[in-house]
Structures are given as structure tokens and as C-alpha cells.
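Let's walk through this one together.

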Amino acid sequence: MATAQETTATRTLDLRVWRQEPGSEGQLVNYSVEVPPEGMVVDALFAVQAQIDPTCAFRVSCRAGICGSCAVRVDGRERLACQTPLSLVRDRVRIEPLRHLPVLRDLVVDLDPFFAKYGAIHPEFRPRPLVAPARITAAERGLVERAINCISCGACYSACDIVGLNPSFLGPAALARAWALVADERDADADARLHEAVGENGAWRCHNLGNCAVVCPKGVAPLLAIQALRRRALWRS
Ligand code: SF4
Ligand code: FES
């Protein structure tokens, strides 16, 4: 059984946190905080607020890896702050906002550009009347299952170097969602969606770097979805 001393133990963590006022240049600021050893990165951010500066801004909601609101970069890698154990980070850790999105304040980014691209592929399912049972291969089904797990956290968008080079590129999450619908025979808009997904700013712009798949906290594998979109477009041409 744990002793009282063990249950109240904390760990000293040195954080470098991105701080940025609206309309100003940002910078990394050093903080030293006491954190619960079994906590998550988000607990370290709460510790900054509670122990040093209550104005430090970050997003958090479910704290269960469901809402996707807490995505940040931890030592340069996109992660959900509520799902990243402090036991996995070093004693000195850097926390920065997602890339390729305007910073509203500190770690809070404006997700409008991300959702605008999501919207461009018409992400809502619109059923068509079926004259026969819908069919889908097991392999396609596997990709679709993955794609529908997306929680719109924006981690893949931040990790994608092509989004950084070409801000018009639709990006991994939007294309994964497009595939989830294009592969569904019941979808009434599959042709129009495929046209958009492989259009000027779509799947062919991807350079297969795969960062999206590495950082996705839900195993969505956007790169596989992008490759599936390309194959479908070639079959249709
Ligand atoms: S595909 Fe993965 S990383 Fe990208 S927004 Fe969805 S859950 Fe986040
Ligand atoms: S707070 Fe909801 S996923 Fe982290």
C-alpha cells in the first residue's frame, strides 16, 4: 500500500512554454513547476496556471482523448496534452502551439483554416437510394473504419510539411474524411467529393512523407486514405 509520503510526491518539471499576446511576436518562456509524476502534459500546463501565471492560455475539454481540443507540440511532436504522460517526457520539455494555424494566444490556435478545408470536401454523409446492397472490400472497410475515428484535433495538419509549403493543400484530415465517404457506396456525393479530393489542392499534392500517420492519436492513417483516393481516381479516369 502506498504511504502518505508516496501519494503526495511531486516531480519538478522545467517547461518552456510558448507565450504570445494577440498581435504580438511570441516567445518561449521558462517555468519550473511541481507536477504529479503520474500526470499528463495538460497537468503541467495547469500547474503553470496555478503556481506561476494564471493567464497562460491553452485549450482543454474532455481530458479523455475524445474532443481533440488539447493538441499541442511537445518537444516538437504533435500530441494530445491530456493523453501524453509526464512519465514519458524529459525533465525539461518544450510546449508549443500547432503549426500552420494562426496563434490566437499562447497555445491556442485559430482552427478556422483547418475546418475550412474540412468543409471543402463536404464532410457530411448524404445517402442515395439503393437498388442493391452496398458493397465494400475488407481492405477499404479497414481504411474507412480508421478514418471515421478522426477527432479533428489538427495534429496531422500541423505535422504536414506540405501544408506548410502550400497553404492551399487540403491536408490529411480533410482527405481522410473524403475517403471515408468516397469509399461508401451509399454516399450520393461520392463523385463530386472525389473530384474535389483529387483536384488542384488535393491528394496528388501529398509527397507521402507520412508525418500525419505518425502523429495521429487515433490511428486514422491519413496517408493510406490519400493513396486510396488516388487509386480510386485512376480507376475512374
Ligand atoms: S486524422 Fe488524426 S491527427 Fe488528423 S485531425 Fe483526425 S484525429 Fe487528429
Ligand atoms: S482535452 Fe479532449 S482530447 Fe484532450
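How many nonpolar, polar and charged residues make up the shell around ligand 1?

## The ligand site

Keep in mind that this is a predicted model. Sorted by class, the shell around ligand 1 holds 11 nonpolar residues and 2 polar ones, with no charged residues.

Who's in there? The shell counts 13 residues, and those that come nearest to ligand 1 are Cys150, Cys153, Gly154, Cys156 and Cys216.

On the contact itself, domain 1 puts in 14 residues and domain 2 puts in 18 residues.

## Where the domains meet

Between domain 1 and domain 2, about 1100 Å² of area is buried, and 62% of that comes from carbon and sulfur atoms. On the domain 1 side, look for Glu78, His100 and Leu101: these residues supply 43% of the area that domain 1 buries against domain 2, more than any other three residues.

What about charge pairing? The interface of domain 1 and domain 2 is crossed by 1 salt bridge. If you're browsing side chains, also check Arg99 and Asp161, which form a salt bridge with their closest N and O atoms 2.9 Å apart.

Key
Residues numbered from 1 in each chain as written. Chains lettered and ligands numbered in written order. Predicted model: local features only at pLDDT ≥ 70, side-chain atom pairs only at ≥ 80, totals over all residues. Heavy atoms only, no water. Near = heavy atom within 4 Å. Nonpolar A, V, L, I, M, F, W, Y, C, P; charged D, E, K, R; others polar. Contact = heavy atoms within 4.5 Å. Buried area = accessible area lost by both parts, 1.4 Å probe. Salt bridge = Lys/Arg side-chain N within 4 Å of Asp/Glu carboxyl O.
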